[in-house]
Amino acid sequence: MEVSGTYDLIVQGSCASLAEYQEHLEVIRPAIAEFASRAETNFISKKVDRNPAEAKWDAIWLPCEGGQKRISTRLIDKVAAEGDYMRVYVGAWNCLVHDTMRRLAARLAPAQFIKLHRSSLVRIDFIDRLVHADQGWTARLRDGSNVKVAKSHVRQVLELISAESSTSHVDPAEKTELFHFVKV
């Protein structure tokens, strides 16, 4: 059990159901109220995954103010290295994680994320367009930021884009709207 904050008493237990949890809580509440001015209770249920292979990449726990927050990996936009830390971007919110890019990438679905650079991991559908300029590629992301694509990752990025374009069920005239390739 991981706890942050100032506590005088922490009780951890296991119950078969929420009803049993409430029942046990009502029994001990009067005894706790005698010496505690404030009590916070939480019921955490174990999630049952129907498809454990896919569930592996369903969500990750990220640090937030006062503890940890469970974030669906579909909500993560990008990960950027900052020294020994990784900054994980989830919409307008972000946090620092003390982990390596390799270990963090292993916790994210490989079909949803692509490494653009050794210090940058991006959700594939967060890429707005790829721009070729000055003998290199840059990914323009939906948040307006740009990430340079390392030469060692260009082939993988272009293959991914080609594969997605060819499997799309979209009119060929509309495919140019899916991925914008700009040569400067």
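Strand β1 covers residues 59-64 and runs antiparallel to β2, to which it is joined by six bridges; two strands are said to pair if DSSP finds at least two bridges between them. Within this pairing, Cys64 stands opposite Gly67 of β2.

Strand β2 spans residues 67-72 and includes Ser72. Ser72 counts as buried because its relative accessible area is 18%, where buried means under 20%, exposed means over 50% and partly exposed lies in between, with a 1.4 Å probe and protein chains only. When residues up to four places away in sequence are not counted, Ser72 touches Asp58 and Ala59, a contact being heavy atoms within 4.5 Å.

## The model and the chain as a whole

The structure is a predicted model, in which local features need pLDDT of at least 70 and side-chain atom pairs count only at pLDDT 80 or more, while totals for chains, interfaces and linings use all residues. Residues are numbered from 1 along each chain as its sequence is written, and side-chain values use heavy atoms, with hydrogens and water left out.

The chain holds five helices and 11 strands, and 27% of its 184 residues are buried. Of the contacts in the chain with a separation of 6 or more, 37% are between residues 24 or more positions apart. The chain exposes about 13,300 Å², of which carbon and sulfur atoms supply 51%; accessible areas come from the Shrake-Rupley method with a 1.4 Å probe, and for residues only the protein chains shown count as cover.

## An open sheet of five strands

Five strands make up an open sheet with antiparallel pairing, in the order β5-β4-β3-β7-β6. Its edge strands are β5 (93-97) and β6 (113-117), each of which pairs on one side only. On average, and with direction ignored, neighbouring strands of this sheet are turned by 25° against each other; the axes are lines fitted to C-alpha atoms, for helices over the stretch in contact, and angles run from 0 to 180 degrees between N-to-C directions.

Strand β4 (residues 85-90) is joined to β5 by five bridges in an antiparallel arrangement, and here Arg87 stands opposite Leu96 in β5. Five bridges also link β3 and β4 in the antiparallel sense, with Ala81 opposite Met86 in β4, and in their hairpin, which has two residues between the strands, Gly83 takes a positive phi near 65°.

## Glu82 in strand β3

Glu82 belongs to strand β3, which covers residues 78-82, and Glu82 counts as partly exposed because its relative accessibility is 35%. Leaving aside neighbours within four places in sequence, Glu82 is in contact with Arg87, Tyr89 and Leu96. The C-alpha atoms of Glu82 and Ser119 are separated by 8.0 Å, although these two residues are 37 residues apart along the chain.

## Charges over rings

The charged end of Lys78 sits over the ring of Tyr89, at 4.8 Å from its centre, and that of Lys69 sits over the ring of Trp93, at 5.1 Å from its centre.

The loop between β8 (127-133) and β9 (136-141) contains Asp134, which has a positive phi of about 50° although Asp134 is not a glycine. Asp134 is exposed because its relative accessible area is 76%.

Gln135 lies in the loop between β8 and β9 as well, and its phi is near 60°, a positive value in a residue other than glycine. With a relative accessibility of 74%, Gln135 likewise counts as exposed.

Key. Helices (H or I, at least four residues) and strands (E, at least two) are DSSP runs, numbered from the N terminus. A charge sits over a ring if NZ of Lys or CZ of Arg is within 6 Å of the ring centre and within 35 degrees of the ring normal.
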